[in-house]
Amino acid sequence: MTVRAAGPADVEAIMALERASFPTDAWSDAMMREEIASPHGWYIVDEEAGRLVGYAGLRAVRGAQDADVQTITIAESARGRGRGRTLLRALLAEAADRHVHDVFLEVRADNPVAQALYVSEGFLEIGRRPRYYQPDDVDAVVMKLDLRGWAARDAASADDAGVCT
């Protein structure tokens with residue numbers, strides 16, 4: 001697993017994975033290019049044997065106290081091995097580096113695996129957006145993470161892991 005910053009040269013591979021993962025509501029190539037190039041965005045890719053198997057994006061305006069997880073996508077063949085968590089934690093670490101206090105996201109109500117991942121990292125459901133994902137008429141679950149609490153918990157876990165008894 002190699003995680004690195006995404007760049008313009010990654011757009012074609014990202015979009016192939018985007019279309020495979022979101023056949024009814026994939027972003028356009030132009031939208032993805034703009035997100036990757038934006039000074040407010042931070043996109044990363046996950047490669048395995050030179051093949052892109054995941055990507056994730058964060059929108060965090062410098063100086064703002066909140067950020068949004070824009071997307072996390074893992075190829076179906078690479079799911080279930082902790083890659084989504086690794087990408088999420090990398091986004092959260094970047095948000096912390098940008099001094100963000102709260103991180104928001106929307107997740108499809110019909111995606112319990114993603115919801116469970118977010119809850120396990122400390123996200124809480126704060127609302128729903130009915131029929132948000134079109135044309136599928138699927139609700140969005142809106143979630144929020146207190147990033148300072150997450151960072152403190154993460155640091156405590158790292159300290160506990162290093163304690164010898």
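Predicted model: local features only at pLDDT ≥ 70, side-chain atom pairs only at ≥ 80, totals over all residues.
Contact, as used throughout this report, means heavy atoms within 4.5 Å.

## Threonine 73 and the ground rules

Residues are numbered from 1 along each chain as its sequence is written, and side-chain values use heavy atoms, with hydrogens and water left out.

Threonine 73 has its place in strand 4; helices (H or I, at least four residues) and strands (E, at least two) are DSSP runs, numbered from the N terminus. Threonine 73 is buried, with a relative accessible area of 2%. Here buried means under 20% relative accessible area, exposed over 50%, and partly exposed in between (1.4 Å probe, protein chains only). The side chains of threonine 73 and threonine 71 are joined by a polar contact of 3.3 Å. A polar contact is a pair of N or O atoms within 3.5 Å; within protein, one must be able to donate a hydrogen and the other to accept it, and residues adjacent in sequence count only if both atoms are side-chain atoms.

Seven strands form an open sheet of mixed pairing, in the order 1-2-3-4-5-7-6. Strand 1 (2-5) and strand 6 stand at the edges with a single partner strand each, so one side of each is left without a neighbour in the sheet. From one strand to the next, the twist averages 25°; axes are lines fitted to C-alpha atoms, for helices over the stretch in contact, and angles run from 0 to 180 degrees between N-to-C directions.

Two strands pair if DSSP finds at least two bridges between them. Strand 1 and strand 2 pair in the antiparallel sense over four bridges, and valine 3 stands opposite aspartate 46 in strand 2. Strands 5 and 7 are antiparallel too, over seven bridges, with methionine 143 as the bridge partner of leucine 105. Strand 6 (residues 124-133) pairs with strand 7 in the antiparallel sense over six bridges, and here arginine 128 has valine 141 as its bridge partner.

## Helices against the sheet

Helix 1 lies across strand 2, strand 3 and strand 4, running at about 85° to strand 3. Helix 3 lies across strands 1, 2, 3, 4, 5 and 7, and runs at about 160° to strand 4.

Which residues of helix 2 (residues 29-37) are buried? They are Met32, Glu35 and Ile36. Seen down the axis of helix 2, these buried residues fall within an arc of 95°, so they line one face of the helix; the arc is that of the directions from the helix axis to the C-beta atoms. They pack against helix 1 (11-21), strand 2 (41-48), strand 3 (51-59) and strand 4. On the other side of helix 2, Glu34 and Ala37 are exposed.

Helix 4 (residues 112-120) has Ala114, Gln115, Leu117 and Tyr118 buried. Down the axis of helix 4, its buried residues fall within an arc of 160°, so they line one face of the helix. Their cover includes strand 4 (66-74), helix 3 (83-97), strand 5 (102-108) and strand 7 (138-146). Pro112 and Val113 are exposed on the face turned away from the buried side.

Tyr118 also belongs to the largest nonpolar core, which has 40 residues; Val103, Tyr118 and Phe123 have the most contacts inside it. A nonpolar core is a set of buried Ala, Val, Leu, Ile, Met, Phe, Trp, Tyr and Cys residues joined through side-chain atoms within 4.5 Å. Among the residues that phenylalanine 123 touches are Leu88, Val103, Tyr118 and Met143.

## Backbone details worth a look

Most residues other than glycine have a negative phi, and most peptide bonds are trans. Alanine 49, in the loop between strand 2 and strand 3, has a positive phi near 55° and is exposed at 85% relative accessibility. Arginine 131 in strand 6 has a positive phi of about 55°, and is exposed at 53% relative accessibility.

Strand 6 and strand 7 form a hairpin with four residues between them, and aspartate 137 in the turn has a positive phi of about 55°. Proline 135 lies in this loop, joined to glutamine 134 by a cis peptide bond with omega of about 10°.

How values were computed. Lists of a residue's contacts leave out its neighbours within four places in sequence.
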